[in-house]
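Below are some notes for a colleague who is meeting this structure for the first time. Please read them with the sequence and the model side by side.

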Amino acid sequence: MKPSTRRRLFRGVLYAVFVIALVAVVLAADWEAIGENFFDAEVAREAFPTIITVAVKNTIIYTVIAFAGGLLLGLLLALMKLSPVAPYRWAATAYIELFRGLPALLVIFGFAFAVPIAFDWRPPGGSAGAGLLALIIVSGAYIAETIRAGIQAVPSGQAEAARSLGMGPAWTMISVTLPQAFRIITPPLTNELVILIKDTSLLFIAGMALQDRELTTFARDSVSQTANATPLVLAALMYLIITLPLTQLVAKLERHNQRGR
Amino acid sequence: MPYKARTAAFTFLAIGALSLTACGGDDAGASDDAANGYNLVSEGTLTVCSDIPYVPFEYEENGEYTGFDMDLVKEIATGLDLELAVQDAGFEGIASGTVLAAGQCDLEASAITITPEREEAMGFADPYYDSLQSLLVPVDSDIKSIEDLEGKKLGVQGNTTGESYARENAAGAEIVAFPSDAELFPAIQSGNVDAVLQDLPVNIGHTEDGEFTIAEEYETDESYGFAMKKDNTELISAVNEQLAELRDNGKYQEIYDKYFTE
(Lines give C-alpha, C1' and ligand atoms only; values in the text may rest on other atoms or scores of the structure.)
Protein backbone atom coordinates (compact mmCIF):
# COMPACT_ATOMS: atom_id res chain seq x y z
CA MET A 1 0.00 0.00 0.00
CA LYS A 2 1.32 3.39 -0.93
CA PRO A 3 1.85 5.79 2.01
CA SER A 4 -0.62 8.23 0.45
CA THR A 5 -3.33 5.54 0.20
CA ARG A 6 -2.71 4.54 3.78
CA ARG A 7 -3.02 8.12 4.89
CA ARG A 8 -6.31 8.50 3.02
CA LEU A 9 -7.64 5.27 4.48
CA PHE A 10 -6.69 6.33 8.00
CA ARG A 11 -8.39 9.66 7.54
CA GLY A 12 -11.52 7.89 6.27
CA VAL A 13 -11.62 5.69 9.37
CA LEU A 14 -11.32 8.78 11.59
CA TYR A 15 -14.29 10.39 9.80
CA ALA A 16 -16.34 7.20 10.13
CA VAL A 17 -15.65 6.92 13.86
CA PHE A 18 -16.70 10.54 14.30
CA VAL A 19 -19.98 10.08 12.42
CA ILE A 20 -20.81 6.84 14.25
CA ALA A 21 -20.15 8.46 17.60
CA LEU A 22 -22.34 11.40 16.65
CA VAL A 23 -25.22 9.19 15.50
CA ALA A 24 -24.96 7.00 18.61
CA VAL A 25 -25.15 10.02 20.87
CA VAL A 26 -28.11 11.49 18.98
CA LEU A 27 -30.00 8.19 19.10
CA ALA A 28 -29.22 7.57 22.78
CA ALA A 29 -30.53 10.93 23.99
CA ASP A 30 -34.03 11.18 25.40
CA TRP A 31 -35.08 14.08 23.20
CA GLU A 32 -38.58 14.22 24.56
CA ALA A 33 -37.40 14.65 28.15
CA ILE A 34 -34.77 17.18 27.04
CA GLY A 35 -37.39 19.15 25.11
CA GLU A 36 -39.80 19.15 28.02
CA ASN A 37 -37.26 20.32 30.57
CA PHE A 38 -34.98 22.64 28.62
CA PHE A 39 -36.71 23.70 25.40
CA ASP A 40 -40.31 24.58 26.25
CA ALA A 41 -41.48 26.96 23.50
CA GLU A 42 -44.33 28.31 25.61
CA VAL A 43 -41.99 29.25 28.47
CA ALA A 44 -39.47 30.75 26.04
CA ARG A 45 -42.17 32.91 24.41
CA GLU A 46 -43.28 34.19 27.78
CA ALA A 47 -39.75 35.12 28.86
CA PHE A 48 -38.75 36.58 25.55
CA PRO A 49 -39.64 40.31 25.53
CA THR A 50 -38.37 40.96 29.07
CA ILE A 51 -35.18 39.02 28.54
CA ILE A 52 -34.26 41.58 25.85
CA THR A 53 -35.59 44.79 27.37
CA VAL A 54 -34.29 44.10 30.88
CA ALA A 55 -31.82 41.23 31.11
CA VAL A 56 -29.76 41.59 27.92
CA LYS A 57 -29.81 45.38 28.21
CA ASN A 58 -28.54 45.33 31.80
CA THR A 59 -25.90 42.70 31.08
CA ILE A 60 -24.50 44.91 28.31
CA ILE A 61 -24.67 48.10 30.39
CA TYR A 62 -22.97 46.43 33.37
CA THR A 63 -20.24 44.99 31.14
CA VAL A 64 -19.53 48.32 29.46
CA ILE A 65 -19.32 50.16 32.80
CA ALA A 66 -17.14 47.49 34.43
CA PHE A 67 -14.82 47.25 31.41
CA ALA A 68 -14.42 51.00 30.99
CA GLY A 69 -13.77 51.41 34.71
CA GLY A 70 -11.43 48.42 34.78
CA LEU A 71 -9.51 49.74 31.80
CA LEU A 72 -8.90 53.15 33.40
CA LEU A 73 -7.98 51.60 36.73
CA GLY A 74 -5.81 48.98 35.03
CA LEU A 75 -3.92 51.64 33.08
CA LEU A 76 -3.28 53.61 36.24
CA LEU A 77 -2.07 50.50 38.08
CA ALA A 78 0.15 49.41 35.19
CA LEU A 79 1.83 52.83 35.10
CA MET A 80 2.23 52.69 38.87
CA LYS A 81 3.81 49.27 38.63
CA LEU A 82 6.34 50.58 36.07
CA SER A 83 6.97 53.72 38.07
CA PRO A 84 10.54 54.53 39.17
CA VAL A 85 9.09 55.59 42.56
CA ALA A 86 9.14 52.46 44.74
CA PRO A 87 6.06 53.03 46.97
CA TYR A 88 3.86 53.31 43.87
CA ARG A 89 5.22 50.00 42.62
CA TRP A 90 4.62 48.37 46.00
CA ALA A 91 1.08 49.68 46.25
CA ALA A 92 0.21 48.54 42.72
CA THR A 93 1.74 45.08 43.29
CA ALA A 94 -0.11 44.62 46.59
CA TYR A 95 -3.40 45.71 44.99
CA ILE A 96 -3.00 43.40 42.01
CA GLU A 97 -2.01 40.39 44.12
CA LEU A 98 -4.91 40.95 46.50
CA PHE A 99 -7.75 41.40 44.02
CA ARG A 100 -6.48 38.90 41.49
CA GLY A 101 -6.34 36.33 44.25
CA LEU A 102 -9.92 36.78 45.50
CA PRO A 103 -12.97 35.29 43.80
CA ALA A 104 -15.10 38.06 42.23
CA LEU A 105 -18.17 36.75 44.06
CA LEU A 106 -16.56 37.37 47.45
CA VAL A 107 -15.38 40.85 46.47
CA ILE A 108 -18.95 41.71 45.39
CA PHE A 109 -20.25 40.37 48.69
CA GLY A 110 -17.67 42.48 50.52
CA PHE A 111 -18.59 45.72 48.78
CA ALA A 112 -22.30 45.13 49.11
CA PHE A 113 -22.35 44.10 52.76
CA ALA A 114 -19.04 44.27 54.61
CA VAL A 115 -18.00 47.79 53.53
CA PRO A 116 -21.31 49.42 54.61
CA ILE A 117 -21.18 47.64 57.98
CA ALA A 118 -17.55 48.62 58.56
CA PHE A 119 -17.55 52.25 57.37
CA ASP A 120 -21.22 53.17 57.37
CA TRP A 121 -20.74 54.12 53.71
CA ARG A 122 -22.76 52.68 50.85
CA PRO A 123 -21.49 52.72 47.24
CA PRO A 124 -23.77 54.82 44.99
CA GLY A 125 -26.35 53.06 42.84
CA GLY A 126 -27.62 50.61 45.45
CA SER A 127 -26.83 46.92 45.19
CA ALA A 128 -26.04 47.05 41.47
CA GLY A 129 -23.68 49.98 42.09
CA ALA A 130 -21.83 48.12 44.85
CA GLY A 131 -21.54 45.03 42.65
CA LEU A 132 -20.27 47.05 39.70
CA LEU A 133 -17.68 48.80 41.85
CA ALA A 134 -16.42 45.38 42.91
CA LEU A 135 -16.28 44.19 39.29
CA ILE A 136 -14.30 47.30 38.28
CA ILE A 137 -11.86 46.70 41.12
CA VAL A 138 -11.37 43.03 40.22
CA SER A 139 -11.10 43.54 36.46
CA GLY A 140 -8.72 46.47 37.05
CA ALA A 141 -6.28 44.08 38.73
CA TYR A 142 -6.31 41.69 35.78
CA ILE A 143 -6.20 44.39 33.12
CA ALA A 144 -3.27 46.11 34.88
CA GLU A 145 -1.06 43.06 34.35
CA THR A 146 -2.13 42.78 30.72
CA ILE A 147 -1.35 46.44 30.04
CA ARG A 148 1.99 46.25 31.86
CA ALA A 149 3.02 43.26 29.75
CA GLY A 150 1.93 45.16 26.61
CA ILE A 151 3.97 48.21 27.52
CA GLN A 152 7.04 46.08 28.20
CA ALA A 153 6.55 44.28 24.87
CA VAL A 154 7.02 47.52 22.94
CA PRO A 155 10.69 47.61 21.85
CA SER A 156 12.60 50.09 24.00
CA GLY A 157 14.07 51.62 20.83
CA GLN A 158 10.65 53.16 20.13
CA ALA A 159 10.69 55.18 23.33
CA GLU A 160 14.38 56.00 22.91
CA ALA A 161 13.71 57.32 19.41
CA ALA A 162 10.82 59.44 20.64
CA ARG A 163 12.92 60.83 23.46
CA SER A 164 15.75 61.66 21.07
CA LEU A 165 13.26 63.65 19.01
CA GLY A 166 12.73 65.79 22.07
CA MET A 167 9.44 64.31 23.39
CA GLY A 168 8.92 64.34 27.15
CA PRO A 169 8.47 61.03 29.01
CA ALA A 170 4.69 61.50 29.49
CA TRP A 171 4.06 62.41 25.87
CA THR A 172 6.24 59.48 24.73
CA MET A 173 4.12 57.12 26.79
CA ILE A 174 0.82 58.55 25.48
CA SER A 175 1.67 58.96 21.81
CA VAL A 176 4.25 56.24 21.12
CA THR A 177 4.33 53.42 23.67
CA LEU A 178 0.65 53.05 24.71
CA PRO A 179 -0.85 52.87 21.18
CA GLN A 180 1.59 50.11 20.27
CA ALA A 181 1.01 48.35 23.59
CA PHE A 182 -2.76 48.31 23.10
CA ARG A 183 -2.34 46.91 19.62
CA ILE A 184 -0.32 44.04 21.10
CA ILE A 185 -2.77 43.30 23.91
CA THR A 186 -5.99 43.32 21.88
CA PRO A 187 -6.46 39.52 22.21
CA PRO A 188 -5.98 39.28 26.00
CA LEU A 189 -8.15 42.38 26.49
CA THR A 190 -10.92 40.72 24.49
CA ASN A 191 -10.60 37.73 26.79
CA GLU A 192 -10.99 40.05 29.75
CA LEU A 193 -14.13 41.57 28.21
CA VAL A 194 -15.72 38.18 27.58
CA ILE A 195 -14.92 37.09 31.13
CA LEU A 196 -16.52 40.30 32.42
CA ILE A 197 -19.71 39.66 30.44
CA LYS A 198 -20.03 36.38 32.28
CA ASP A 199 -18.94 37.82 35.63
CA THR A 200 -21.91 40.20 35.61
CA SER A 201 -23.88 37.06 36.45
CA LEU A 202 -22.33 37.21 39.93
CA LEU A 203 -24.03 40.51 40.78
CA PHE A 204 -27.13 38.63 42.04
CA ILE A 205 -25.38 38.05 45.37
CA ALA A 206 -25.64 41.80 46.12
CA GLY A 207 -29.44 41.78 45.71
CA MET A 208 -31.40 42.97 42.71
CA ALA A 209 -34.42 45.14 42.09
CA LEU A 210 -36.70 43.90 39.29
CA GLN A 211 -35.46 46.41 36.73
CA ASP A 212 -31.79 45.79 37.64
CA ARG A 213 -31.72 42.09 36.83
CA GLU A 214 -29.11 40.84 34.37
CA LEU A 215 -29.36 37.66 32.31
CA THR A 216 -28.52 35.06 34.94
CA THR A 217 -30.67 36.54 37.70
CA PHE A 218 -33.53 36.93 35.25
CA ALA A 219 -33.21 33.30 34.16
CA ARG A 220 -33.04 32.00 37.73
CA ASP A 221 -36.16 33.98 38.62
CA SER A 222 -38.06 32.71 35.59
CA VAL A 223 -37.08 29.10 36.30
CA SER A 224 -38.60 29.33 39.71
CA GLN A 225 -41.80 30.93 38.45
CA THR A 226 -42.37 28.66 35.45
CA ALA A 227 -41.10 25.44 37.05
CA ASN A 228 -39.12 24.79 33.88
CA ALA A 229 -35.42 25.10 33.04
CA THR A 230 -35.94 26.69 29.60
CA PRO A 231 -35.07 30.26 30.74
CA LEU A 232 -31.56 29.05 31.64
CA VAL A 233 -31.07 27.74 28.10
CA LEU A 234 -32.46 30.98 26.72
CA ALA A 235 -30.01 33.00 28.84
CA ALA A 236 -27.12 30.80 27.65
CA LEU A 237 -28.16 31.53 24.07
CA MET A 238 -28.25 35.28 24.80
CA TYR A 239 -24.71 35.21 26.21
CA LEU A 240 -23.54 33.55 23.00
CA ILE A 241 -25.44 36.09 20.89
CA ILE A 242 -23.54 38.84 22.72
CA THR A 243 -20.08 37.24 22.81
CA LEU A 244 -19.77 35.54 19.41
CA PRO A 245 -20.23 38.67 17.21
CA LEU A 246 -18.02 40.59 19.63
CA THR A 247 -15.12 38.16 19.30
CA GLN A 248 -15.60 38.10 15.52
CA LEU A 249 -15.40 41.89 15.50
CA VAL A 250 -12.19 41.88 17.51
CA ALA A 251 -10.68 39.24 15.25
CA LYS A 252 -11.43 41.52 12.31
CA LEU A 253 -9.86 44.46 14.11
CA GLU A 254 -6.81 42.36 14.83
CA ARG A 255 -6.38 41.42 11.16
CA HIS A 256 -6.70 45.09 10.29
CA ASN A 257 -4.00 45.93 12.85
CA GLN A 258 -1.72 43.23 11.50
CA ARG A 259 -1.90 44.77 8.06
CA GLY A 260 -1.12 48.17 9.57
CA ARG A 261 2.15 46.95 11.05
CA MET B 1 -11.32 29.60 3.47
CA PRO B 2 -15.00 28.62 3.36
CA TYR B 3 -14.25 24.89 3.54
CA LYS B 4 -12.40 25.29 6.80
CA ALA B 5 -15.15 27.46 8.22
CA ARG B 6 -17.72 24.80 7.39
CA THR B 7 -15.69 22.11 9.14
CA ALA B 8 -15.36 24.32 12.16
CA ALA B 9 -19.13 24.92 12.26
CA PHE B 10 -19.76 21.19 11.94
CA THR B 11 -17.41 20.40 14.80
CA PHE B 12 -19.04 23.06 16.91
CA LEU B 13 -22.50 21.59 16.27
CA ALA B 14 -21.25 18.11 17.09
CA ILE B 15 -19.77 19.25 20.38
CA GLY B 16 -23.02 21.06 21.15
CA ALA B 17 -25.05 17.93 20.50
CA LEU B 18 -22.67 15.88 22.62
CA SER B 19 -22.88 18.16 25.60
CA LEU B 20 -26.68 18.36 25.33
CA THR B 21 -27.07 14.63 25.40
CA ALA B 22 -24.65 14.40 28.26
CA CYS B 23 -27.24 16.21 30.36
CA GLY B 24 -30.05 13.91 29.31
CA GLY B 25 -28.08 10.72 29.70
CA ASP B 26 -28.60 10.69 33.47
CA ASP B 27 -32.22 9.74 32.97
CA ALA B 28 -31.27 6.30 31.76
CA GLY B 29 -29.16 5.82 34.89
CA ALA B 30 -32.22 5.67 37.13
CA SER B 31 -32.61 2.06 38.10
CA ASP B 32 -36.00 0.46 38.32
CA ASP B 33 -36.90 -0.49 41.81
CA ALA B 34 -39.67 -2.88 40.92
CA ALA B 35 -39.54 -4.55 44.33
CA ASN B 36 -41.51 -1.85 46.13
CA GLY B 37 -42.93 -0.02 43.12
CA TYR B 38 -41.46 3.38 44.07
CA ASN B 39 -39.09 3.57 41.10
CA LEU B 40 -36.23 4.80 43.27
CA VAL B 41 -33.05 6.36 41.92
CA SER B 42 -30.97 4.16 44.16
CA GLU B 43 -32.39 0.91 45.51
CA GLY B 44 -33.37 0.84 49.17
CA THR B 45 -32.66 4.55 49.57
CA LEU B 46 -34.90 7.58 49.55
CA THR B 47 -32.74 10.20 47.85
CA VAL B 48 -33.83 13.71 48.80
CA CYS B 49 -32.75 16.95 47.11
CA SER B 50 -32.70 20.13 49.16
CA ASP B 51 -31.22 23.61 48.82
CA ILE B 52 -29.25 23.89 52.05
CA PRO B 53 -29.05 25.95 54.21
CA TYR B 54 -32.46 27.44 54.91
CA VAL B 55 -32.78 27.69 58.67
CA PRO B 56 -34.85 26.23 60.31
CA PHE B 57 -36.10 24.04 57.47
CA GLU B 58 -32.79 22.54 56.42
CA TYR B 59 -29.29 23.21 57.67
CA GLU B 60 -26.14 21.43 58.73
CA GLU B 61 -25.36 20.81 62.37
CA ASN B 62 -22.52 18.66 63.74
CA GLY B 63 -21.87 17.21 60.31
CA GLU B 64 -25.47 16.20 59.78
CA TYR B 65 -28.38 17.72 57.90
CA THR B 66 -31.16 18.73 60.21
CA GLY B 67 -34.17 21.05 60.31
CA PHE B 68 -37.96 20.79 60.00
CA ASP B 69 -37.96 19.36 56.45
CA MET B 70 -35.05 17.06 57.19
CA ASP B 71 -36.61 15.63 60.38
CA LEU B 72 -39.85 15.00 58.50
CA VAL B 73 -38.19 13.17 55.60
CA LYS B 74 -36.13 11.18 58.11
CA GLU B 75 -39.38 9.93 59.67
CA ILE B 76 -40.90 9.30 56.23
CA ALA B 77 -37.88 7.29 55.08
CA THR B 78 -37.95 5.24 58.29
CA GLY B 79 -41.69 4.63 57.82
CA LEU B 80 -41.09 3.43 54.25
CA ASP B 81 -38.27 1.20 55.46
CA LEU B 82 -35.72 3.08 53.35
CA GLU B 83 -32.34 4.64 54.00
CA LEU B 84 -32.21 8.43 53.67
CA ALA B 85 -29.67 10.18 51.49
CA VAL B 86 -29.71 13.98 51.24
CA GLN B 87 -28.24 15.88 48.29
CA ASP B 88 -27.63 19.61 48.40
CA ALA B 89 -28.86 21.05 45.09
CA GLY B 90 -29.41 24.57 43.77
CA PHE B 91 -32.96 25.88 44.04
CA GLU B 92 -33.19 26.39 40.26
CA GLY B 93 -32.88 22.66 39.67
CA ILE B 94 -35.37 21.99 42.43
CA ALA B 95 -37.98 24.58 41.45
CA SER B 96 -37.88 23.50 37.80
CA GLY B 97 -38.04 19.80 38.66
CA THR B 98 -34.96 19.04 36.56
CA VAL B 99 -33.22 17.25 39.45
CA LEU B 100 -36.16 14.83 39.43
CA ALA B 101 -36.18 14.49 35.65
CA ALA B 102 -32.43 13.92 35.60
CA GLY B 103 -32.77 11.12 38.14
CA GLN B 104 -30.72 12.91 40.78
CA CYS B 105 -33.26 12.28 43.51
CA ASP B 106 -36.68 10.82 44.31
CA LEU B 107 -38.10 13.63 46.38
CA GLU B 108 -37.52 17.36 46.85
CA ALA B 109 -37.78 18.70 50.40
CA SER B 110 -36.70 22.32 50.31
CA ALA B 111 -39.44 24.56 51.73
CA ILE B 112 -41.09 24.54 48.29
CA THR B 113 -44.31 26.49 48.05
CA ILE B 114 -46.97 24.62 46.09
CA THR B 115 -47.96 26.76 43.07
CA PRO B 116 -50.15 25.84 40.08
CA GLU B 117 -47.15 26.12 37.72
CA ARG B 118 -45.08 23.78 39.85
CA GLU B 119 -47.99 21.36 40.23
CA GLU B 120 -48.05 21.06 36.45
CA ALA B 121 -44.39 20.10 36.33
CA MET B 122 -44.16 17.96 39.45
CA GLY B 123 -46.29 15.82 41.73
CA PHE B 124 -46.78 17.18 45.25
CA ALA B 125 -47.60 15.33 48.42
CA ASP B 126 -50.16 16.88 50.77
CA PRO B 127 -49.07 20.24 52.21
CA TYR B 128 -46.98 19.84 55.34
CA TYR B 129 -46.48 23.43 56.43
CA ASP B 130 -48.48 26.65 56.07
CA SER B 131 -46.13 29.48 55.27
CA LEU B 132 -46.58 32.54 57.45
CA GLN B 133 -44.74 35.64 56.24
CA SER B 134 -43.34 38.33 58.50
CA LEU B 135 -41.70 41.73 58.45
CA LEU B 136 -38.32 42.08 60.15
CA VAL B 137 -37.15 45.60 61.12
CA PRO B 138 -34.41 47.06 63.36
CA VAL B 139 -35.75 47.60 66.91
CA ASP B 140 -35.39 51.39 66.63
CA SER B 141 -37.11 51.53 63.22
CA ASP B 142 -40.19 53.69 62.68
CA ILE B 143 -41.63 51.02 60.39
CA LYS B 144 -44.47 49.47 62.35
CA SER B 145 -46.49 47.87 59.57
CA ILE B 146 -46.50 47.14 55.87
CA GLU B 147 -48.11 50.56 55.22
CA ASP B 148 -44.98 52.33 56.50
CA LEU B 149 -42.85 50.85 53.72
CA GLU B 150 -43.74 53.56 51.19
CA GLY B 151 -40.49 54.70 49.57
CA LYS B 152 -38.41 52.39 51.79
CA LYS B 153 -36.15 49.57 50.65
CA LEU B 154 -37.62 46.16 51.33
CA GLY B 155 -35.49 43.02 51.10
CA VAL B 156 -37.09 39.75 50.00
CA GLN B 157 -35.86 36.36 48.95
CA GLY B 158 -36.16 36.07 45.18
CA ASN B 159 -38.84 33.73 43.79
CA THR B 160 -40.54 33.08 47.09
CA THR B 161 -44.04 33.57 48.42
CA GLY B 162 -42.56 36.42 50.41
CA GLU B 163 -41.55 38.23 47.24
CA SER B 164 -44.98 37.87 45.62
CA TYR B 165 -46.66 38.95 48.87
CA ALA B 166 -44.42 42.02 49.00
CA ARG B 167 -45.12 42.94 45.36
CA GLU B 168 -48.88 42.72 45.94
CA ASN B 169 -49.07 44.39 49.33
CA ALA B 170 -46.13 46.79 49.54
CA ALA B 171 -46.35 48.38 46.10
CA GLY B 172 -44.85 51.67 47.25
CA ALA B 173 -41.66 50.07 48.55
CA GLU B 174 -38.52 49.56 46.51
CA ILE B 175 -38.29 45.77 46.51
CA VAL B 176 -34.82 44.25 46.32
CA ALA B 177 -34.53 40.50 45.81
CA PHE B 178 -31.63 38.52 47.26
CA PRO B 179 -30.72 34.91 46.51
CA SER B 180 -31.14 33.65 50.07
CA ASP B 181 -31.26 34.51 53.73
CA ALA B 182 -27.45 34.38 53.78
CA GLU B 183 -27.52 37.73 51.89
CA LEU B 184 -30.80 39.08 53.31
CA PHE B 185 -29.62 39.32 56.88
CA PRO B 186 -26.32 41.08 56.00
CA ALA B 187 -28.40 43.41 53.82
CA ILE B 188 -30.51 44.65 56.73
CA GLN B 189 -27.47 44.66 59.04
CA SER B 190 -25.54 46.83 56.60
CA GLY B 191 -28.53 49.12 56.07
CA ASN B 192 -28.84 48.25 52.38
CA VAL B 193 -32.51 47.56 53.06
CA ASP B 194 -34.83 49.02 55.72
CA ALA B 195 -36.87 45.88 56.31
CA VAL B 196 -36.99 42.20 55.34
CA LEU B 197 -40.15 40.32 54.42
CA GLN B 198 -39.75 36.54 54.49
CA ASP B 199 -40.84 33.31 56.17
CA LEU B 200 -41.65 33.82 59.85
CA PRO B 201 -39.41 31.07 61.28
CA VAL B 202 -36.37 32.39 59.43
CA ASN B 203 -37.02 35.94 60.65
CA ILE B 204 -37.56 34.76 64.23
CA GLY B 205 -34.01 33.40 64.14
CA HIS B 206 -32.76 36.96 63.54
CA THR B 207 -34.54 38.50 66.54
CA GLU B 208 -32.44 36.55 69.03
CA ASP B 209 -29.64 39.07 69.51
CA GLY B 210 -32.15 41.84 70.30
CA GLU B 211 -31.24 44.22 67.46
CA PHE B 212 -34.13 43.27 65.21
CA THR B 213 -37.78 42.66 65.81
CA ILE B 214 -40.78 41.32 63.94
CA ALA B 215 -43.18 44.15 63.12
CA GLU B 216 -45.97 42.08 61.57
CA GLU B 217 -47.00 38.57 60.52
CA TYR B 218 -49.05 37.71 57.43
CA GLU B 219 -51.17 34.79 56.30
CA THR B 220 -50.66 33.84 52.66
CA ASP B 221 -52.95 30.77 52.12
CA GLU B 222 -49.94 29.01 50.67
CA SER B 223 -48.16 25.95 51.88
CA TYR B 224 -45.02 23.91 51.40
CA GLY B 225 -45.06 20.48 49.84
CA PHE B 226 -42.67 17.63 49.11
CA ALA B 227 -42.27 17.30 45.33
CA MET B 228 -41.79 14.08 43.40
CA LYS B 229 -41.90 12.95 39.79
CA LYS B 230 -45.46 13.39 38.58
CA ASP B 231 -45.80 9.81 37.33
CA ASN B 232 -44.39 8.29 40.51
CA THR B 233 -47.88 8.00 42.03
CA GLU B 234 -46.93 5.07 44.27
CA LEU B 235 -44.29 7.13 46.03
CA ILE B 236 -46.57 10.18 46.30
CA SER B 237 -49.34 8.20 47.97
CA ALA B 238 -46.85 6.38 50.21
CA VAL B 239 -45.47 9.75 51.37
CA ASN B 240 -49.01 10.99 51.98
CA GLU B 241 -49.73 7.93 54.13
CA GLN B 242 -46.58 8.60 56.14
CA LEU B 243 -47.49 12.27 56.62
CA ALA B 244 -50.98 11.33 57.86
CA GLU B 245 -49.44 8.77 60.19
CA LEU B 246 -47.01 11.35 61.60
CA ARG B 247 -49.85 13.76 62.28
CA ASP B 248 -51.88 11.00 63.97
CA ASN B 249 -49.15 9.75 66.27
CA GLY B 250 -48.06 13.21 67.38
CA LYS B 251 -44.61 13.01 65.79
CA TYR B 252 -45.41 15.90 63.43
CA GLN B 253 -46.38 18.17 66.36
CA GLU B 254 -43.22 17.16 68.20
CA ILE B 255 -41.01 18.14 65.25
CA TYR B 256 -43.05 21.31 64.65
CA ASP B 257 -42.62 22.43 68.25
CA LYS B 258 -38.90 21.70 68.10
CA TYR B 259 -38.36 24.26 65.34
CA PHE B 260 -41.22 26.76 65.47
CA THR B 261 -41.85 27.48 69.15
CA GLU B 262 -40.66 30.94 70.02
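1. In this predicted model, helix 5 of chain A passes helix 8 of chain B in a left-handed crossing. The two elements, residues 104-119 of chain A and residues 181-189 of chain B, have axes that come within 8 Å and cross at roughly 35 degrees.

2. On the chain A side of this crossing, the residues that make the contact are A:Phe109, A:Phe113 and A:Ile117 of helix 5, and they meet B:Ala182, B:Glu183, B:Pro186, B:Ala187 and B:Gln189 of helix 8 of chain B. Sorted by class, this contact of helix 5 of chain A with helix 8 of chain B has six nonpolar residues, one polar residue and one charged residue.

3. The size of an interface is often given as the accessible area lost when the parts come together. For chain B and chain A the buried area is about 2,900 Å², and carbon and sulfur atoms give 65% of that area.

4. How many salt bridges does the rule find across the interface of chain B and chain A? There is one salt bridge across that interface, and in it the side chain of B:Glu92 meets the side chain of A:Arg220, with an N to O distance of 2.6 Å. Over all chains, the structure holds 11 salt bridges.

5. A salt bridge within chain A joins the side chains of A:Glu42 and A:Arg45, at 3.3 Å from N to O. Both A:Glu42 and A:Arg45 belong to helix 3 of chain A, which covers residues 41-81, and they are three residues apart in that helix, about one turn.

6. A helix pair within chain A also deserves a look. Helix 4 of chain A (residues 86-101) packs against helix 6 of chain A (residues 126-153) at an angle of about 120 degrees, and their axes are 8 Å apart. That angle makes helix 4 of chain A oblique to helix 6 of chain A, and helix 4 passes helix 6 in a left-handed crossing.

7. The contact of this second pair brings A:Tyr95, A:Ile96, A:Phe99 and A:Arg100 of helix 4 of chain A to A:Ile137, A:Val138, A:Ala141, A:Tyr142, A:Ala144 and A:Glu145 of helix 6 of chain A.

How values were computed:
Residues numbered from 1 in each chain as written. Chains lettered and ligands numbered in written order. Predicted model: local features only at pLDDT ≥ 70, side-chain atom pairs only at ≥ 80, totals over all residues. Heavy atoms only, no water. Axes fitted to C-alpha atoms, helices over the stretch in contact; angles between N-to-C directions. Helix = DSSP H or I, 4+ residues; strand = E, 2+ residues; numbered from the N terminus. Parallel < 35°, antiparallel > 145°, perpendicular 65-115°, else oblique. Left-handed = near helix turned anticlockwise from the far one by under 90°. Contact = heavy atoms within 4.5 Å. Buried area = accessible area lost by both parts, 1.4 Å probe. Salt bridge = Lys/Arg side-chain N within 4 Å of Asp/Glu carboxyl O. Nonpolar A, V, L, I, M, F, W, Y, C, P; charged D, E, K, R; others polar.
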